[in-house]
Every structure is written in structure tokens, then in C-alpha cells.
Amino acid sequence: MTQLELTQCLHWAKTLDLIVSSRMINGVLYVYNATGQKRPWDNFIADYPLERLQAMIDRMQMRLKAAS
């Protein structure tokens, strides 16, 4: 994953309220959810790969467009 893809994934995950923050600890990137639970980035991205996050963003934008 490139730095740009990582940045995009983090942005989308925050936009979708899947994570609220991220932090590097001992060379491992962790993401945190709203309850403060941390999860290694590798585990998170296995459940939410770039393509899935993109599809979720697209659906969210369609719902917002339909509501306006």
C-alpha cells in the first residue's frame, strides 16, 4: 500500500466513523474506534480494504444526494 493509499484509507475510515484516530506504537500503526479500542492497522485493513472503503463512501454520498 502506498503512502497516498494509506492516507486515503485513514481519511475514509474517519469519514465513515469506523475510526477516530491513529497512532504509531513501536513501529506498528494502530487505529482507534470511538470507544477507544485499538486495533493494528493490518487487521483493520484486512476487514476494510481500499475497495470496500471506496464503495462505502460511494453509498454514503448517494444517500446524502438522495436526501437533499
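**Talking through the model**

Author: Methionine 24 counts as exposed, because its relative accessibility is 53%, where exposed means over 50% relative accessible area, buried means under 20% and partly exposed lies in between, with a 1.4 Å probe and protein chains only. Please keep in mind that this is a predicted model, in which local features need pLDDT of at least 70 and side-chain atom pairs count only at pLDDT 80 or more, while totals for chains, interfaces and linings use all residues. Residues are numbered from 1 along each chain as its sequence is written, and side-chain values use heavy atoms, with hydrogens and water left out.

Reader: Ok, and where is the place of methionine 24?
Author: Methionine 24 sits in strand β1, which covers residues 21–25; strands (E, at least two residues) and helices (H or I, at least four) are DSSP runs, numbered from the N terminus.

Reader: How far apart are methionine 24 and lysine 65 in space?
Author: From C-alpha to C-alpha they are 36 Å apart, with a separation of 41 residues in sequence.

Reader: Back to the strands: in what order do they form the sheet?
Author: The three strands form an open sheet in the order β1-β2-β3, with antiparallel pairing, and two strands pair if DSSP finds at least two bridges between them. β1 and β3 (38–40) stand at the edges with a single partner strand each, so one side of each has no neighbour in the sheet. From one strand to the next, the twist averages 30°, where axes are lines fitted to C-alpha atoms (for helices over the stretch in contact) and angles run from 0 to 180 degrees between N-to-C directions.

Reader: How many bridges join β1 to β2?
Author: Five bridges join these two antiparallel strands, and serine 22 stands opposite valine 31 in β2. Strand β2 (residues 28–32) also pairs with β3, in the antiparallel sense, over three bridges, and there valine 31 stands opposite arginine 39.

Reader: What do β1 and β2 form, with two residues between them?
Author: They form a hairpin, and asparagine 26 in its turn has a positive phi of about 50°. Most residues other than glycine have a negative phi. Asparagine 26 counts as exposed because its relative accessibility is 78%.

Reader: And aspartate 17, is that buried or exposed?
Author: Aspartate 17 counts as exposed, because its relative accessibility is 65%. Although it is not a glycine, aspartate 17 has a positive phi of about 60°, and its place is in the loop between α1 (3–15) and β1.

Reader: Switching to the whole protein, in what order do the elements run from the N terminus on?
Author: They run α-β-β-β-α-α, which gives three helices and three strands. Along its principal axes the C-alpha trace spans about 45 × 30 × 15 Å, and of the 68 residues, 26% count as buried.

Reader: How much of the accessible surface belongs to carbon and sulfur atoms?
Author: The share is 53% of about 4,900 Å², and accessible areas come from the Shrake-Rupley method with a 1.4 Å probe, where for residues only the protein chains shown count as cover.

Reader: Last one: what share of the contacts with a separation of 6 or more comes from residues 24 or more positions apart?
Author: Such residues account for 37% of those contacts, where contact means heavy atoms within 4.5 Å.
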